[in-house]
Amino acid sequence: MGRGRRLMHGHCERMDVPMKKQHIVLGVTGSIAVYKVADLTSRLVKAGYVVDVVMSKAAQEFVQPLTFQALTHRPVVTEMFTLHSEMAVEHIALAERADVLLIAPATANIIAKLRHGFADDMLSCTALATRAPIIIAPAMNDRMYENPVTQENIRVLQERGITFVGPGEGYLACGTMGRGRLTDVLDIYDAVKMVLGRRGDLAGRKIVVTAGGTEEPVDPVRCITNRSSGKMGYALAEAARDRGAEVHLITGPGSLRTPYGVRLTAVRTAREMLAAVEAATRDCDVLFMAAAVSDYRVAEAAQEKIKKSAGAPTLELVRNPDILASLTGDFVKVGFAAESQNLLANARAKLTSKGLSIIVANDITRAGSGFGTDTNEATLLFADGRQEDLPLMTKARLAHIILDRTADL
Ligand code: C5P
């Protein structure tokens with residue numbers, strides 16, 4: 001049992017899925033990339049969104065509407081005037097219902113139509129009539145994409161506030177390499193969450209998050225590092241983005257996917273991380289220091305690879321700067337303590353010595369907690385003495401609770 005009053009948790013806890021059913025109108029146009037959008041649709045439905053699909057005529061040449069109907073459990077709109085569709089009663093019903101209009105894959109043709117305000121089919125009509133934000137994920141041949149007319153259309157639509165995600169670069173269906181392929185569906189999924197969260201409780205806030213372990217060189221081949229995966233920091237960055245914050249993620253080496261819509265700075269050593277965090281926090285509201293920073297580095301890393309024939313080397317270690325403790329400014333500091341013993345006492349000592357508002361303490365010896373896992377069981381300790389024990393949950397959900405408590409401050 002720790003000191004201080006325990007908080008009841010349960011109020012205003014957020015999930016990593018939307019609380020209220022939000023409506024996505026998904027416009028699908030004629031590109032072979034439509035098969036990837038079936039996967040995206042499935043993800044959106046599983047995450048709890050209501051998805052109404054509108055298909056252009058060309059899209060139906062690639063995939064039957066039944067595919068999307070089966071995935072969304074809802075009728076797919078294929079015609080402007082289909083009498084058996086509930087949408088037929090009013091042709092702008094979809095436009096009004098949408099919380100976001102996503103067009104994926106979007107051909108050069110639909111982009112041109114949107115730029116000029118055509119309304120000759122259900123999708124362009126919906127796009128013209130909606131007040132919801134619009135996201136476009138283009139997919140086309142590289143020459144069509146690079147054509148100045150397409151580029152100009154995209155620029156004009158961006159100036160009108162439409163979000164473009166992608167296209168990506170690589171192998172195209174027509175057999176060439178180039179820019180024009182539908183971007184990673186996970187990025188499109190993230191763009192939807194980001195756009196829907198634009199007016200969230202953290203809108204206008206600048207948040208810096210550090211993640212992952214640092215790496216201290218021993219020689220050009222070896223390094224001293226730790227087991228941090230970066231998952232907690234990445235989850236915080238994504239959760240803050242989805243609540244409207246402008247997020248700068250400073251990360252040590254790792255294999256996690258760069259989150260869409262987040263500014264990312266990659267560093268290696270603790271000193272590189274210090275420099276990046278110093279620069280980023282000059283103008284920020286909150287710093288979440290989830291990185292596992294190496295406490296020591298090798299005094300002088302060898303320039304050449306150390307040979308085993310030279311015998312066992314002795315490494316002289318020196319202290320790294322404590323990033324969190326050394327930074328002061330007009331921003332809230334939230335730290336993390338991963339411990340294998342005396343968790344709460346150690347965490348409380350760090351909360352005080354580093355001048356933190358909150359410290360997230362977790363016992364790395366517990367199953368499902370700590371490095372590399374997708375879940376965590378943490379205790380939050382507050383500067384005013386409060387303590388909140390949280391049950392085992394996904395890092396995504398924990399990230400939202402940490403943001404809730406930080407926002408309360
Ligand atoms: O002192 P300890 O490493 O246990 O404290 C953990 C907290 O301090 C974490 O939030 C970590 O990111 C931060 N830290 C730091 N600079 C260091 C070591 C840790 O900012 N050199």
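User: Which residues lie nearest the centre of the second largest pocket?
Analyst: Ala291, Ala292, Val293, Phe336 and Ala338, out of 38 lining residues. A pocket here is an open set of points on a 1 Å grid over the protein atoms alone, where a 1.4 Å probe fits, with protein on both sides within 12 Å along at least five of seven lines; lining residues have an atom within 4 Å of a point.

User: Before I go on, what kind of model is it, and how are residues numbered?
Analyst: This is a predicted model, where local features need pLDDT of at least 70, side-chain atom pairs count only at pLDDT 80 or more, and totals for chains, interfaces and linings use all residues. Residues are numbered from 1 along each chain as its sequence is written, and side-chain values use heavy atoms, with hydrogens and water left out.

User: OK. Which element gives the largest share of that lining?
Analyst: E16, with five residues. It's a strand, meaning a DSSP run of at least two residues, numbered from the N terminus.

User: And what takes up space in there?
Analyst: The ligand does; to count as sitting in a pocket, more than half of its atoms must lie within 2 Å of the grid points.

User: What about the side chain of Lys354?
Analyst: An N or O atom there is 2.9 Å from an oxygen of the ligand.

Notes:
Polar contact = N/O pair within 3.5 Å; in protein donor to acceptor, adjacent residues only side chain to side chain. Helix = DSSP H or I, 4+ residues; strand = E, 2+ residues; numbered from the N terminus.
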